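Trainee: I would like to learn how to read features off a model, one at a time. Please give me the general idea where there is one, then the case at hand.

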Amino acid sequence: MPSASSPVASGSSIGVGIIGLSASGGWAAASHLPALRALEGFDIRALSTSNPDSARRAGEQYGVPLAFGSAKELAESPDVDLVVVSVKAPDHYANVMAALNAGKMVLSEWPLGKNAAETRELAETAEAKGVRTFVGLQARTAPHVQYLRDLIADGYVGDVLSTTLVGSGHAYGDTVDQSNIYLLDPANGATLLTIPFGHTIDALTMALGEFADLNARAVTRRTTVRVAQTGEEVAMRTADQIAVQGVLESGAVVSAHYRGGLSRGTNFLWEINGTEGDIQINGPNGHLQV
């Protein structure tokens, strides 16, 4: 994150504009809106959607005073200090860039870009403009993950010898909701690797340390997927199996496997094996961040 000073005067509220806060719901309405309203020092002043009519409806529904039909209008509003980008991953680049070009602070959901080139360009633009930026890798801020990190740091299991992780991606299985067909195209950047696995491996390295060395495979085992609403078969173009083995800087050995869909058995199990004990973390699916 660039070390630029905040453009907001000391003691004043940060004016927030949320791109993607829709009257039909979604992640922005379910997570960003209630979280920001529960915190002191933030004032939700604006939202934008894909057109002025839907923005107006959302503004009325959520009691947000300024409603814009484009991200550019929101970003350029003098009432907005911080832009929250809460849209599908393929649209992150354009919306984040609009905020950066307006000189505004940005919180973007993960993954930041569709690919490494987009992500690198956004990071370089933020640094060049001296703008404070944040990426929503929210698993590392979840209380249960922070508690786990503290247990490890306090020596609860002694020296960590190894860790084993298996998870199911929920999506990327044998059926797909019509609204999520875009997940099956790796060009959109919203894959099993980048979303459920990406959030979880970030939490793993936050708790246990970074990789010193690794080997990884991404494999597509299903060739087609059935659309839930229509029964149509569509191509599975992204990997539905992710396997990573490696060694952390501490010397601990890592084995992690994510698979698409849901398992008839285990859908999330993270074991940490140490010289003095072991920890198991269980969950209903592989989205540790939720």
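Trainee: What volume does the largest pocket have?

Mentor: This is a predicted model, and in it the largest pocket has a volume of about 1300 Å³. Its lining comprises 49 residues. Those nearest the centre of the pocket are Trp27, Val87, Lys88, Glu109 and Tyr182.

Trainee: Which elements give two or more residues to that lining?

Mentor: They are H1, helix H4 (92–101), strand S5 (105–109), strand S6 (133–136), S8 and helix H7 (193–208). H1 supplies the largest share, four residues.

Trainee: Now helices. Why do residues three or four places apart point the same way?

Mentor: An α-helix has 3.6 residues a turn, so such residues end up pointing in one direction. For a case, take helix H2, residues 52–62, where Ser54, Ala55, Ala58, Gly59 and Tyr62 are buried. They lie on the same side of H2, because the arc they cover around the axis is only 140 degrees. Pro52 and Glu60, on the other side of H2, are exposed.

Trainee: What covers the buried residues of H2?

Mentor: The cover includes helix H1 (27–38), strand S2 (42–48) and strand S3 (66–68).

Trainee: Which residue caps the N-terminal end of H2?

Mentor: Asn51 does, with a side-chain oxygen 3.1 Å from the backbone nitrogen of Asp53. Just after H2, Gly63 has a positive phi of about 70 degrees.

Trainee: Next, sheets. How do strands pair?

Mentor: Through backbone hydrogen bonds, in either a parallel or an antiparallel sense. Here three strands make an open sheet, ordered S8-S10-S11, with mixed pairing. Strand S8 (175–176) and strand S11 (233–235) each have a single partner strand and stand at the edges, so one side of each lacks a neighbour in the sheet.

Trainee: In which sense do S10 and S11 pair, parallel or antiparallel?

Mentor: Strand S10, residues 224–227, pairs with S11 in the antiparallel sense, over three bridges. Arg226 has Glu233 in S11 as its bridge partner.

Trainee: Last, a single residue. Which residues does Thr194 touch?

Mentor: Thr194 is in helix H7. Leaving aside residues up to four places away in sequence, Thr194 touches Trp110, Pro111, Gly189 and His199. A polar atom of the Thr194 side chain also lies 2.9 Å from the backbone nitrogen of Thr191.

Trainee: How far apart are Thr194 and Val84 in sequence and in space?

Mentor: Thr194 and Val84 are 110 residues apart in sequence, and their C-alpha atoms are 20 Å apart in space.

Methods:
Residues numbered from 1 in each chain as written. Predicted model: local features only at pLDDT ≥ 70, side-chain atom pairs only at ≥ 80, totals over all residues. Heavy atoms only, no water. Buried < 20%, exposed > 50% of the residue type's maximum accessible area, 1.4 Å probe, protein only. Arc of directions from axis to C-beta. Contact = heavy atoms within 4.5 Å. Polar contact = N/O pair within 3.5 Å; in protein donor to acceptor, adjacent residues only side chain to side chain. Pairing = 2+ DSSP bridges. 1 Å grid on protein atoms, 1.4 Å probe; cavity = no way out; pocket = protein on both sides within 12 Å on 5 of 7 lines; lining within 4 Å. Points joined across faces, edges and corners; volume = space filled by probe spheres on them.
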